[in-house]
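I wrote down what I looked up, in the order in which I looked it up.

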Amino acid sequence: MHIRDLPYIDPGRPDVRSGSRFLFWLGRNQLGGQIKAALWGLLHMAALVCFPVAIGFGVQAVVDRSGGRLALAGALMVGLTVLTALGDVMLHRAAVTNWITAAARVQQLLARKAVELGSALTRKVAAGEVVAVSTGDVEKIGWFVEALSRFTAAALTTIGVCVALVIYQPALGAVVALGVPALALAVLPLLPPAARRADQQRSKAGRATELASDTVAGLRVLRGIGGEELFLGRYRRASQEVRVAAVRSARMWALIAAVQVALPGLLLIGVVWYGAVLAQDGRITVGELVTVYSAVTFLLFPLRHFEEIAMAYSFSRPSARRAARVLALERPSPGRGGAGRDLDGGSRGAGGGDHAAADGVTTLRGDLYDPASGMLAPAGRLTAVVCGDPDAAGRLADRLGGHPPERATDADGSGAAPSALLGGVALDEVPLAAARGAVLVQDKDPVLLSGTLTQLLDVPRSGRVGAQQALDAAQCGDVLEALAQASLDEAGEADAMRTRITERGRSLSGGQRQRLALARSLVTDPEVLVLDEPTSAVDSHTEERIAQGVRRLREGRTTVVLTSSPLLLDRADRVVFVHEGEAAGVGTHRGLLRSHPVYRAVVTREADDEPGGRTAPRDGAEPGGAEPGGAEPGGAEPGGAALVDIERIEEQIEESA
């Protein structure tokens, strides 16, 4: 695999049972690159290890006053220098390639998992954890993959040198052969505490990163409530904890480095002393002593790779464990619910639905039905859904997009809540690409990526809706004017579409961000569009125009809007009221206002509602009895308090229209 061939067509299916298994899988998939780097490393180190032979040969030639052998030793050293340089350059090239390709493979796996899980990812794993895994952890995993080939070459070379020394000079060779493994194993007891300290440092750094991200994201709100100093103090404390943990970790690694320097030095002193005694006794020549001394000096170089691989593995194993934990997350696949009847008699998930396979791609059409709540959105119509609980609305939006939450239960608590059915087909049972192509869910807090407005709207689309049409429907005229003013060039020409939007749209107001996100969803023109509170940050007049624009642009397409805004509800073809996890009412907005007291309480935000949907006595009415004048609770009898609320809402709607 070459860098120019990235990205991978298919990064593979990783073994995520543990961090060690994930590292082994990663190394196995890069076996060719590892062998290539190890061979270049062997060439590099073999050339280095031959230098002591050439040096010893040259020294002995000087002692014997042999000019020919001295010249031969010089030529040998020149050749070894060329081989050393070649091996070093190619080893570095191959090792770095392994690092980059391994990091790219892990990042592709993480990106694929993020796309697969969608918004459910950050509910399963903290956002700071995801950022840390995709940056620092990926780098540490790549470091281990890079160091592995150098360690392999160093280990093979060390074994070869020790065997050669035993054969060449048994007395000194035996000392070296026993001392080198002891040096390599001496640091092993220090590695577990060093790894724990490094893991603690990384964990604290992840929490500090998450805190910093949250602070930056909510900076405008913090300034409004005067909470900047509070969060700044929290970040300072978190930063100091990271500093203390980093110092503790550095002390342990400094101790390991000191051991790796001191023990080889002691071995070298011992070999020189023993060799000098043997040379004085005439048992070895001066050239042999120089050769053994040079070989032991050379062994200090591969021993550094032993230290590096120990550090790399200690750092990468926790990182691989965290990466494996993220990659092990799966889309929930609960059992689908059976067919039934909606509150108004419509077929549950089967009415008018069809799906076909063409060229291997599943096309989904038909009614959208949520078995968990009984909510039905007929095909080609604008359906508004009212939930008293914003969290319940978010869970419903996830199910409608084919992402049923884990450990969710049906309304009766009997089992796992299935995902929505589109045309009678469960979205979590079809290929992810088909489900994503059929249903688009815009959550209540959409994210705007940095880039120009043209890039923001450059998303997969059907082609039936143009960018300008979507911007007009989302009432982005004032946003375009503001962006145009910010894009004035030297010639005085303004182009809002070329204006760069900052990360998450922080240069825009909340309402502007919300409208641009809505325009991005509209230009996609999916078969089914689910909008969760798309106008919560805009004023009522703009909201009314957005309701008209969305209805006009989505004519003939299935649209579901989760909202409690009377302006949007009045424009819907059909309103479904979901109460305590079940569809408790279906009809038009005005009809439900008159007939359903709990719906009226949610939409009008009445403060005198009691649990269970019963309204408190008003104007002398008996609890649970009729209103004055004989009207039933929640009825529309003239003079009733409920009618006053209904008339007030209708007047607001008519004024906005």
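This is a predicted model: local features need pLDDT of at least 70, side-chain atom pairs count only at pLDDT 80 or more; totals for chains, interfaces and linings use all residues.

**Entry 1: helix 1 against helix 3**

I began with a pair of helices and noted that helix 1 and helix 3 cross in a right-handed way, where right-handed means that the near helix is turned clockwise from the far one by less than a right angle, and left-handed that it is turned anticlockwise. The contact involves Phe22, Trp25, Leu26 and Asn29 from helix 1, and Ala102, Arg105, Val106 and Leu109 from helix 3; contact here means heavy atoms within 4.5 Å. Sorted by class, the residues in this contact of helix 1 with helix 3 are six nonpolar, one polar and one charged. For the classes I kept to this rule: Ala, Val, Leu, Ile, Met, Phe, Trp, Tyr, Cys and Pro are nonpolar, Asp, Glu, Lys and Arg are charged, and the others, Gly among them, are polar.

I then looked up the geometry: helix 1 (residues 19-29) and helix 3 (residues 67-117) pack at about 120°, with their axes 11 Å apart. Axes are lines fitted to C-alpha atoms, for helices over the stretch in contact, and the angles run from 0 to 180 degrees between N-to-C directions. That angle makes helix 1 oblique to helix 3, since under 35 degrees counts as roughly parallel, over 145 as roughly antiparallel, 65 to 115 as roughly perpendicular, and the rest as oblique.

Residues are numbered from 1 along each chain as its sequence is written, and side-chain values use heavy atoms, with hydrogens and water left out.

**Entry 2: the whole chain**

I recorded 21 helices and 14 strands for the protein chain; helices (H or I, at least four residues) and strands (E, at least two) are DSSP runs, numbered from the N terminus. Of the 657 residues in the protein chain, 46% are buried, where buried means under 20% relative accessible area, exposed over 50%, and partly exposed in between, with a 1.4 Å probe and protein chains only. Among the contacts in the protein chain with a separation of 6 or more, 75% join residues 24 or more positions apart.

**Entry 3: helix 6 against helix 9**

Which way does helix 6 run relative to helix 9? I found that the axes of helix 6 (residues 170-185) and helix 9 (residues 228-280) come within 10 Å and cross at roughly 170°. That makes helix 6 roughly antiparallel to helix 9. Helix 6 contributes residues including Leu172, Val176 and Leu183 to the contact, and helix 9 contributes residues including Leu263, Leu267 and Tyr274. By class, this contact of helix 6 with helix 9 has twelve nonpolar, three polar and no charged residues.

Is Gly87 buried or exposed? Gly87 belongs to helix 3, and at 0% relative accessibility Gly87 counts as buried. Not counting residues up to four places away in sequence, Gly87 touches Trp40, Leu43 and His44. The C-alpha atoms of Gly87 and Ala47 are separated by 8.4 Å, although the two residues are 40 residues apart along the chain.

I looked next at Ser149 in helix 5 (residues 127-168), and Ser149 is likewise buried, with a relative accessible area of 0%. Leaving aside neighbours within four places in sequence, Ser149 is in contact with Gln34, Ala37, Ala38, Ala95 and Asn98.

**Entry 4: backbone details**

I noted a cis peptide bond from Leu6 to Pro7, with omega near 0°, and Pro7 sits in the segment before helix 1.

Arg65, which is not a glycine, has a positive phi of about 55°; Arg65 lies in the loop between helix 2 (31-63) and helix 3 and is exposed, with a relative accessible area of 78%. Glu580 also has a positive phi of about 55° without being a glycine, and is found in the loop between strand 13 (574-579) and strand 14 (582-587). Glu580 is exposed, at a relative accessible area of 69%.
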